[in-house]
Amino acid sequence: MALHSGVDKRVVIIGCGISGVGAAQKLIKQGFRNVRIIEATSRSGGRIKTGRLDGKIIEIGANWIHGPSQENPVFRLASHYNLLDEECLSEENQSVDFGGLPPLLSTWLSSSGKKLEADLMAPAVEVFMTLLRKSQEFYNTSRAPMSSVGEFLKTEALRISNEEWKEDEARKLRQALFSTLLKLECGVNGTHTMDDVNLATFGMYKSLPGLDCTFPGGYEGLIRHMMNELPKDIVLFNKTVKCIHWNSQASSKEITCPVTVECITGETFEADHVILTIPLGYMKKHHDSLLNPPLPQHKLHSIQRLGFGTNNKIFVEFEKPFWDEDCEVVFLVWEDEHDLQNPVSDIKTSWIRKMSCFTVLKPAERYGYILCGWIAGHESEYMETLPEEEVLHTVTQLIHRFTGNPTIVIKKLFRSRWFHDPYTCGAYSYVAKDCSGEDIDNLAEPLPLRGSNAKPLQVLFAGEATHKSFFSTVHGALLTGWREADRLISHYNPNPSAGKVTANL
């Protein structure tokens, strides 16, 4: 296939996460010869970040392939590079469809140091999951009864539990479990509170079939394999972009491109097209200075309306487990949270209450005895500011309280700090209360806008926040990188079959 007028066009991709790497891969495979990635940090991968705790692999960023089946491009690539274990690749694993969170073998611990019976907790889990599924059904209807997911879940969970378990001694305990599951949902959605998530558009997010799986050798292995297929030295690391000057009217013979990327060092790079793949959190913070001319008002308003929150992990390693061998997740139930009000009244003294659960890193032969604690929202952001010794002390006290065992010792601790990462400013996007799918479309719309007489497709937008049904996911990020690459490929080769060669890249 020949892209006669396009192969020599200068394409600058800003951001070396999976969206940027995927865009570069596709463009180069389609014949583009002048592609460059500019990355602010010293590494590729973005929010895919693998680390080590005491020599064992841990995922500081992206954790799972959500929905590992043939519909998921991340799964297809990981399979292509032989990065997954046999169980994940099995047809049975790919066909399982839970419509979201898979049921895990859970242990329930209470704040009075008791292990709660699974049979006692099961009705509450069932009610909550039913309401969660119901809250996704209001999308594309005009009958969302409330404005936020949180309001709906809390109102309905309390109503049902007060009616059905009125005479049941376990009622308040089950209601406290609702509070734990709401905190978990905050982490899943990357929000401070589910009261900030739009009920009418909650169902816009689509889950894919397949039982979520991890990379035995670390998620970054996927990025490494993708990078190995790119030309050497295509990425310029440690270059922070100060401003993208677009719509330049060339006034001198030296300037031939409509876009100039200016770095904080003063270096500049000319481009015919820029694909911007930076996180929405960074865009929210720097939109006023990042583009010149500034963003059109409707794009700016959409960026402001869309949600972008924090979800962090606290990894803790033990000499021996306090959980059962088959346990996959340890839930923490605060018995005094049965009214479902804001569980944290004072962040400084009670931030740890926002931690919903610990997932068990498996198998033990690979990880030893490591738990991953999940904490979202403003409490998570506050946790990032504390000295590690204080986090260790607080988590140790939490485990002593919930297990009723004051002798448990944490061997090592590691925490992620996504909110204070200057190039991320949080974890991932969500559809906030006042925004809709139209805001995601606005964010993804290239500059200049349609109808302009200027050179088309000067600044293109990719990244997980620009995908209408897979926002917040790695596969969403990858698909948007491919989408913008395809937009350029189609622009220079309007043949409808263009791009099919790489449809299953």
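**Close-up views of a predicted model**

**View 1. The side chain of His192 reaches the backbone nitrogen of His378 at 3.0 Å.** This is a polar contact, meaning a pair of N or O atoms within 3.5 Å, of which, within protein, one must be able to donate a hydrogen and the other to accept it, while residues adjacent in sequence count only if both atoms are side-chain atoms. The model is predicted, so that local features need pLDDT of at least 70 and side-chain atom pairs count only at pLDDT 80 or more, whereas totals for chains, interfaces and linings use all residues. Residues are numbered from 1 along each chain as its sequence is written, and side-chain values use heavy atoms, with hydrogens and water left out. His192 itself is placed in the loop between α7 (171-189) and α8 (220-228), where helices (H or I, at least four residues) and strands (E, at least two) are DSSP runs numbered from the N terminus. Leaving aside neighbours within four places in sequence, His192 is in contact (heavy atoms within 4.5 Å) with Cys186, Lys354, Gly377, His378 and Glu379.

**View 2. Helix α10 (residues 297-305) packs with helix α15 (residues 437-444) at an angle of about 125°, their axes lying 8 Å apart.** That makes α10 oblique to α15, a term for angles that are not under 35 degrees (roughly parallel), over 145 (roughly antiparallel) or 65 to 115 (roughly perpendicular). From α10, the residues His298, Lys299, Ser302, Ile303 and Arg305 meet Asp439, Asn442, Leu443 and Ala444 of α15. The residues of this contact divide into three nonpolar, three polar and three charged.

**View 3. Two cis peptide bonds are shown, one joining Asn292 and Pro293 and one joining Lys362 and Pro363.** For the bond between Asn292 and Pro293, omega is about 0°, and Pro293 lies in the loop between β12 (291-292) and α10. For the bond between Lys362 and Pro363, omega is likewise about 0°, and Pro363 belongs to the loop between β16 (357-360) and α12 (364-367). As background, most peptide bonds are trans, and most residues other than glycine have a negative phi.

View 4. Leu340 is buried (under 20% relative accessible area, with a 1.4 Å probe and protein chains only), its own relative accessible area being 4%.

How values were computed:
Axes fitted to C-alpha atoms, helices over the stretch in contact; angles between N-to-C directions. Nonpolar A, V, L, I, M, F, W, Y, C, P; charged D, E, K, R; others polar. Buried < 20%, exposed > 50% of the residue type's maximum accessible area, 1.4 Å probe, protein only.
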